[in-house]
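Work through these exercises with the model open beside you. Try each task before you read its solution.

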Amino acid sequence: MTTIDRRNEYAKSMIPFLDRERTIAKPGYSRWLVPPAALCVHLCIGQAYAFSVFNLPMTRLIGVSQSAPDDWKLTELGWIFSIAMVFLGVSAAVFGRWVEEGGPRKAMFTAAICWASGFLISALGVKLHNLWLIYLGYGVIGGCALGIGYISPVSTLMKWFPDRPGMATGMAIMGFGGGALIASPLSVWLMSKFQTATDVGVLWSFITLGCVYFLFMMFGALTVRVPAPGWKPEGYVPPATASKLITKNDVFVYQAIKTPQFWLIWTVLFVNTTAGIGVLGQASAMSQEMFPGRITPVAAAGLVGLMSLFNMGGRFSWASLSDYIGRKNTYFCYMVLGFILYIAVPYAGGSGNVVLFVICFLIIVSMYGGGFSTVPAYLRDMFGTRYVGAIHGILLTAWSAAGIAGPVLINYIREYNLAHGVPKAQAYNVTMYIMAGLLVIGFIANLCVRAVDKRHHMVSEAEPSRGLDLPGGAQAAPAQA
C-alpha cells in the first residue's frame, strides 16, 4: 500500500460519512433533488458578489461618520475581492481532481469550514483594524472555499443530466450568481442593526454571516448524492453521431491544457470575466458616484441585489440556450452584445439616464454569469466528460486573472482620473471603453476555436493519452469516476 493509499484509508476511517461511497444514490432516487443541495452551497459562497456593500463602511471603521486619516482606502479594500478571486482559481485548479475523486460531499464540507473561518478571521481583522487579516481570512481562506465549493457540484450535475449539459451547469452555477440577491440586503440590514455611535456594524455582521452560511452549506453537503456507475436518465439515448464541435472521445486533463482549444477558451473566459467582474465588484460605489444624490446607499444595495438576480438568471437561461444554438454561438452573443452595452454606459452616465444605465448593467451581468455556466459544457464538448471537472478547475485560473485585472482597471483608473480633476460621474468612462476593447479580443479567440485533434484523445482506459508520461517514466493514472 502506498503512502497516498494509507492517507486515504486513514481519512476514510476518521470521517466516514464524507466518503464518496456514502453518497451514491439508491435506485429510484430523483435527480431533481440534487440541484437544491448545490444551491445551498452556491447561494452561500455567492455572497462574494455582494462584498462591495462592505467597502464604503470599511473606509470609516475609525471615523465612523466619515473616513479618518488612518482609515483604509477604497483601493486597498478592493484587493480583498481580487485576492478571493485569485485563490478561487488557484484552489479550483489544484483541488480539481481531488474534488472529483473524493466526491461532492467531502468538497462541500471543506468549503463550509473554509468559508465560515474566512468570515471569522476577517471579523478579527476588523476588530484589530488589521487589513492583512482580512486579506488572509476572506481573501485566501475564503477564496479557497469559493474554488472548492464552486466546482464541487458541477461535474456531479452534468452526470445527472447528460441530456441537457448546458442546463445542468446553469443549475449548478446559478446559485453563485444569485447569492448577492440575498447577501446584499441582508448585509445592509445586519450593519444597520449592529451599528452604534462608535461602530459601523461590520464586525458582528461578519460573525453572523459566517455562522449562518456554515449551517446552510452543511445542509447541502449532507443531502447531495452522486449517480450509481452506469446510470442514465429514463428514456435517454446518447446521440449516435457527434457534431463537429461535440466530441464522443475523452481527453486526459493534463493533455487538455496542451491543446490550443483550452487556451482559446481560457482567453474567452478571461475577457468576458474581466469585462464584468470589475463592474460587479464595485457596483455599489460606482452607481452612487456616477449618480450622486439620485442613487442612495440603500438604492445601490438594491441595484446589487437586482444585478445578482440577473446574474443568477443569466447563468441558467444562457446555458440552457446554448444546448440549442451551441456554446460557440452563445459566446459570440456575449462578445457582440457586450461590446455595444459597454459603449453605451458612458453615455448613460453623462446624460444622467439611470434607467439606461441599469438596463445596460443588468444585461451585461446576465452574460457575465452566462459565461461561467456555459463554459463547463463548452469544455465537455471539446474534451469529453471523464475529466471535465478537473479541466474546468484549471480553466478557472482565467477567473483568478480576471479577478485582479477587472477591479484594478476600475479602481486605479478611477483614482487616476479623480486625481487629475475628472468628475466622479465620468471617472469610469475610459474603463468602459477598455472593457469593450477586451471583448473584441474575446470574439477573435472564440472564432478560432476548432474541434480537438484526435491525437489528443485517450486511446484506452489504461492509457490516458498518447505520449503522456509523468516525470520519471511513470504512466499517469486515470482518475476514478
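**Exercise 1: The second largest pocket**

Helix 13 gives the most to the lining of the second largest pocket, with 4 residues. This is a predicted model, where local features need pLDDT of at least 70, side-chain atom pairs count only at pLDDT 80 or more, and totals for chains, interfaces and linings use all residues. Residues are numbered from 1 along each chain as its sequence is written, and side-chain values use heavy atoms, with hydrogens and water left out.

Task: Find which helices each supply at least two residues of this lining, and how the lining residues divide by type.

Solution. 
- Step 1. Helices (H or I, at least four residues) and strands (E, at least two) are DSSP runs, numbered from the N terminus. A pocket is an open set of points on a 1 Å grid over the protein atoms alone, where a 1.4 Å probe fits, with protein on both sides within 12 Å along at least five of seven lines; lining residues have an atom within 4 Å of a point.
- Step 2. Take the volume. It is about 430 Å³ for the second largest pocket, counted as the space filled by probe spheres set on the points, which are joined across faces, edges and corners.
- Step 3. Look at the centre. The lining has 17 residues, and V53, L56, P57, R60 and P297 are the closest to the pocket's centre.
- Step 4. Name the helices. At least two residues each come from helix 3, helix 8 (165-194), helix 12 (283-290) and helix 13 (297-325).
- Step 5. Sort the lining. It holds 10 nonpolar, 6 polar and 1 charged. Here Ala, Val, Leu, Ile, Met, Phe, Trp, Tyr, Cys and Pro count as nonpolar, Asp, Glu, Lys and Arg as charged, and the others, Gly among them, as polar.
- Step 6. Check helix 12. Of its 8 residues, 8 are buried. Buried means under 20% relative accessible area, exposed over 50%, partly exposed in between (1.4 Å probe, protein chains only). M286 and E289 are among the buried residues of helix 12.

**Exercise 2: The largest nonpolar core**

Task: Find which residues touch the most other members of the largest nonpolar core.

Solution. 
- Step 1. Define the core. It is a set of buried Ala, Val, Leu, Ile, Met, Phe, Trp, Tyr and Cys residues joined through side-chain atoms within 4.5 Å.
- Step 2. Pick the residues. The largest core has 138 residues, and M58, W115 and W399 touch the most other members. Helix 15 (residues 354-383) supplies the largest share of this core, 15 residues.
- Step 3. Follow W115. Contact means heavy atoms within 4.5 Å. Not counting residues up to four places away in sequence, the partners of W115 include C44, Y138, L146 and M217.
- Step 4. Move to I134 in helix 6. I134 is buried, at 0% relative accessibility. Beyond four places in sequence, I134 touches M58, W72 and I80, among others.

**Exercise 3: Positive phi**

Task: State where V64 and H129 lie, and whether each is buried or partly exposed.

Solution. 
- Step 1. Recall the rule. Most residues other than glycine have a negative phi.
- Step 2. Take V64. Its phi is positive, about 65 degrees, although V64 is not a glycine. V64 sits in the loop between helix 3 (55-58) and helix 4 (74-102). V64 counts as buried, at 14% relative accessibility.
- Step 3. Take H129. Its phi is also positive, about 55 degrees. H129 sits in the loop between helix 5 (104-128) and helix 6 (131-151). H129 counts as partly exposed, at 24% relative accessibility.
- Step 4. The C-alpha atoms of T198 and V64 are 134 residues apart along the chain and separated by 6.4 Å. T198 is in the loop between helix 8 and helix 9 (202-223). T198 is exposed, with a relative accessible area of 67%.

**Exercise 4: Cysteines**

Solution. 
- Step 1. A disulfide is a pair of cysteine sulfur atoms within 2.5 Å.
- Step 2. Search. The whole structure has 0 disulfides. For C40, the nearest cysteine sulfur is that of C44, 7.0 Å away.
- Step 3. Conclude. C114 is buried, at 18% relative accessibility.
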